[in-house]
Structures are given as C-alpha cells and as structure tokens.
Amino acid sequence: MEVNYSGDIMTLNMGPQHPSTHGVLRLELKTDGEIVADAIPHIGYLHRCFEKHVENVDYAGVVPFTDRMDYCAAMNMELGYVLAVEKLMGIEVNERTRYLRIIMAELGRIASHLIAAGTYGNDIGSFTPFLWCFRDREDILDFFEETCGARLLYNYNCIGGLTQDIKPGLEDKILKFLDRFEPEVDNLNRLLSDNFIFIKRTADVGILSPEKAISYGVTGPNLRGSGVRFDVRKDEPYLGYEEFDFDVQVGKGEHGRLGSCWDRYMVRIREVLESCKIVRQAIAKLSPGDVRENVPKRIKPPKGEVYMRTECPRGELGYYIVSDGSPKPYRLKVKSPCFTVMSAFRDMCKGTMIADVISILGSIDIVLGEIDR
Amino acid sequence: MLTYFRNIGQGILTIVNSMAVASRHLFKPSVTLQYPKEKWAMPERSRMRLHNKVEDCIGCGQCARTCPTDCILVKTEKRGKEEPPVFAADGTAKKLRTYVFDIDMALCCYCGLCTFACPTQCLVMTGDYEYSVYSIDEHIYHFAKEKPLIPAGSKEQSPSKG
C-alpha cells in the first residue's frame, strides 16, 4: 500500500506486556498519526537457550524441553522431534503407535486452533467465543491428562513409541466428544466468523499476497490463508498421513482481497473440521498392539545428520539434528514456523492503522515460546 | 449515506444473531468448580509430586541419570559382606545402601522420565498437587532412611551438583 507520510513520525512501544501480543513481544511502531509507517518486532524475551541446552541432555531427555517450546501444541512439537530421531536411527514404529500418534497430534491441532480462534476474538473485542473455545479445549486436555498424566506438557511421545498406551474406552470418549464438538463449530461461526463487526475488523486487513507469502517462507495456515495449497501432511507425508482422506483448506477471499486476516482465521476453523475427520478415520483403523515394542534400550544414534519436517498447527516445524555418535545431540536446530511469519509481519503492517496491528498479530497466531526458544 | 445505515443494520442483525446463540447458554449448568471447596478428581496417571518408596529402592541411580534437570541426588555405599541381606518388595537384592535420596521438587519439570526408568517401580508420581511452601529449601525432599557406615570416601552415584 502506498501511503504518503507527513514526516512527523512518532515511536510507540507496543508490549512486551501487552495482552494482545500472545506472550512477550515488543513491537516498535513508527506511527504517523494513526497510520503505522513501520512495525519492528523485538523478540527474545522468552529466550531459554533451548538449542544450546539440549546439547548437554541425552536424546530422551530432550522431549520435555520440546514440549516447552510451543506450549499450546506440545503434542505436535514432541512428535516432530521423536520422528527426527527415529529417522536418524532408522526405527520403524508399529501401526498402533502410528495411529495413536496421529490421533493425539490432530487433537492437539484442534486444541491449538481453538486457542487461536478464541484469543483472536478476544483481541478484536468479542469475549464469548474465547470462553467457548476454552471450554471445548478443556475436554481435549482431559483426554491428554487421562492418557499421560499432564494437561499441557505431555512428554507422551518417546523415541520408538509412546510412553504409555491409552486407557481402554478413550476412543469412545473421543468419538462422543467429536459428535458434540462438530456442531459447536457452526455455533462459533454464527457467533464470530460471520459477525459483521468481526468481518469489518479483519477482512481486507493485513493482506499477504501468495507471492509474498512464498518469498517470506511463511508456512502453515498463514500460507494457506493466502491461497497456496501446501501442507506437509499432503505434500510430504510422514507417519502414514497419505492413508487418510482429508482436504487441504485454503483461503478463498470471500470478504475482500485474498490473504486477509479473515482468510487466515477461517482456514483454521475449517482445519479443525478436517482434523476431526482424520481423528475419526484413525480411531476406525486402530488395531491392538504394543506401543513400547520398538523402544530401544539405549538411544545412541549413528554419526550423521537428519532433517525432519512436520506440520504443526502453526506451520512447518523442522528439526535438524547433527549426531556425532554420542548419546547426546551434537547440534539441534529448530526451524520455527512462527519465526518466519514474524518476518512477514513487518511488511503486512506497513500503511495500516494502529488498531489493525492487533488484528494482524492475532491472525498470524504466534507463540513466543517457539520464536525465542 | 445509504451504506452507512445499511452497515448499522447489518451490524445489529449479526449481534442479534450471536445473542440468540449465546443466550441459550443462560439456561445451561455452569462448567466451573469453586476450587478450594470443590475439587476435580485427579486421573490415575497424574504427574505431580514425586514419591519414593525407599524400602523398595535399590539405589541404582538410573532416575538421577535420566533426569533432564538433574533434580535427583542419590548417594550409596556397598553393604558389608557380614551384614544380613536386604530385599525389595519384588525380591531384588538391595546390594547398595542408599543413605542420600534427595529430590528437589523446585527443579523438577514433571516429565516423569525417572519413573519410567525405575527398575523396581518404587519412584512414582502421585496426584498430590497442593504442596506449596514458604521457603524454597522446603521443596527438597529427603527420602533416605538409612545412615552410612563409612562417612568418608563413599562413592557418588549421581552426577555432581553445582
């Protein structure tokens, strides 16, 4: 957008304690009246030295630390890591483990998208959807708590399998929950997505064109919101996602131009329903087996390096591990989806109003724990 | 001018629509609990405070080695040959005398890796979550009951603490 600035630029700090920044993020806004000339994100407030620290922890001990990167979708975070180590060691897990992992990852995706939608409504000024989303998310957390004992930081996946099998009868509970939950998405649409005020605040705001999204390396729902049909689960299937029947949802630009905040938000809502479809299919395929069958006694991968990418709720999560043959990783690099979208954020904000910055920030759905690591 | 009023009309319409959805919940029971008076039942696998049944502990120190945050300190010494043999509940001979078994719950990250590593299943995570204290030192739990015979020169089983 071409804006002629008057030249009277004021610097405004947004954050780090701003409730809409979803964590501890400081935005340095250069404003000309109400128009944002530049928005410079300052990250690092949550830096915990993850990558350096895990070089001193053995491979199995890294899993609890990966949980703490993206605390809204910890199940997907640890899944990416254990898949990377399994690829390095050449471990094949059995069918039951695979399907249980998919069920848990997709439930985690639903829970994460519910937070994204709920807090986004809260940022825009609608409080009710926030509480509804958290109520439905609570049911998913209850399943996780029953299975592994923790509500948020699961440590459920372990290298070569799962720490414990699910409790008998959990499948029926999940199916019952899905039956109740799927109509609730319609309610959420009536309450928030189709709300005229919400559309006015989000549609045609923060446009990220497909070309720009690709050149910035944006992944996940943010990329699909710009109309690019790319999903690691479809394009580079891992864990047997190719056996499942689901659609990759993309933004269609129903309200205003393509790639707006509303498109990105709506992709998440549609993805929740797709995840429900996957969970149902995975439960139908679930066969008896031992989830700790392939767990190695000693985890000591051979020399080498591996890159594994998975689709976590916020985009493509990559783990790059260099092993020197010792029981501790020589180097572990995380490719974080939120970090890459943060670089596109500055471009999206230029020329918008100050209030739109909140809209844009909520729509890209970042978790600062993962950006700073 | 016409769009202005149309926008207001549409805004009111969607608000009425949302209110219709929301007002149905006025007549539904609440999902919250009044915490100190009412409590959730914790699931069986809850991972909260660690507890060690030290009678069954063989002092192998595997928990201390797996712990990613190094919050467990185990110190053992060999039992003398003339001493009567001691056995854990599952029949494993306790060849080592565990005279220090400290867990710093302030450092614990509640991952539960130590409980999976424990060969005699004596280290467990309980469902107890109400154990806040006034001083952080009180979070160090001392489980060992036995006293060392030879105080000096005994071997440490766990990684050294800073």
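Asp38(A) is buried in this predicted model, at a relative accessible area of 15% (buried means under 20%, exposed over 50%, and partly exposed in between, with a 1.4 Å probe and protein chains only). The side chain of Asp38(A) meets that of Arg346(A) in a salt bridge, with an N to O distance of 3.0 Å; a salt bridge is defined as a side-chain nitrogen of Lys or Arg within 4 Å of a carboxyl oxygen of Asp or Glu. Because Asp38(A) belongs to strand β3 (residues 35-42) and Arg346(A) to helix α12 (residues 337-349) of chain A, the pair ties together parts that are 308 residues apart in sequence. Helices (H or I, at least four residues) and strands (E, at least two) are DSSP runs numbered from the N terminus. Arg346(A) is partly exposed, with a relative accessible area of 34%.

Residues are numbered from 1 along each chain as its sequence is written, and chains are lettered from A and ligands numbered from 1 in the order in which they are written. As the model is a predicted one, local features need pLDDT of at least 70 and side-chain atom pairs count only at pLDDT 80 or more, whereas totals for chains, interfaces and linings use all residues, and side-chain values use heavy atoms, with hydrogens and water left out.

Over all chains, the structure holds 39 salt bridges. One of the pairs in chain A joins Arg280(A) and Asp179(A), at 2.9 Å from N to O. Arg280(A) lies in helix α11 (residues 261-285) and Asp179(A) in helix α6 (residues 170-193) of chain A, so this contact ties together parts 101 residues apart in sequence. Arg280(A) is partly exposed at a relative accessible area of 27%, and Asp179(A) is also partly exposed, at 48%.

A further salt bridge connects Asp365(A) with Arg268(A), the closest N and O atoms being 3.6 Å apart. Asp365(A) sits in the loop between α13 (354-364) and α14 (368-372) of chain A and Arg268(A) in helix α11 of chain A, 97 residues apart. Asp365(A) is buried, at 4% relative accessibility, and Arg268(A) is buried with a relative accessible area of 4%.

Chain B contains three helices and five strands, which follow the pattern α-β-α-β-β-α-β-β along the sequence. Its radius of gyration, taken over C-alpha atoms, is 27 Å, well over the 15 Å that the globule rule gives for 162 residues, so chain B is more spread out than a compact globule; the rule is 2.2 Å times the number of residues to the power 0.38. The C-alpha atoms of chain B fill a box of roughly 100 × 35 × 30 Å along the principal axes. Of the 162 residues of this chain, 35% count as buried.

In chain B, three strands form an open antiparallel sheet in the order β2-β3-β5, where two strands pair if DSSP finds at least two bridges between them. The edge strands, each pairing on one side only, are β2 (72-78) and β5 (140-142) of chain B. Strand β3 (residues 96-104) of chain B pairs with β5(B) in the antiparallel sense over three bridges. Ile103(B) has Tyr141(B) in β5(B) as its bridge partner.
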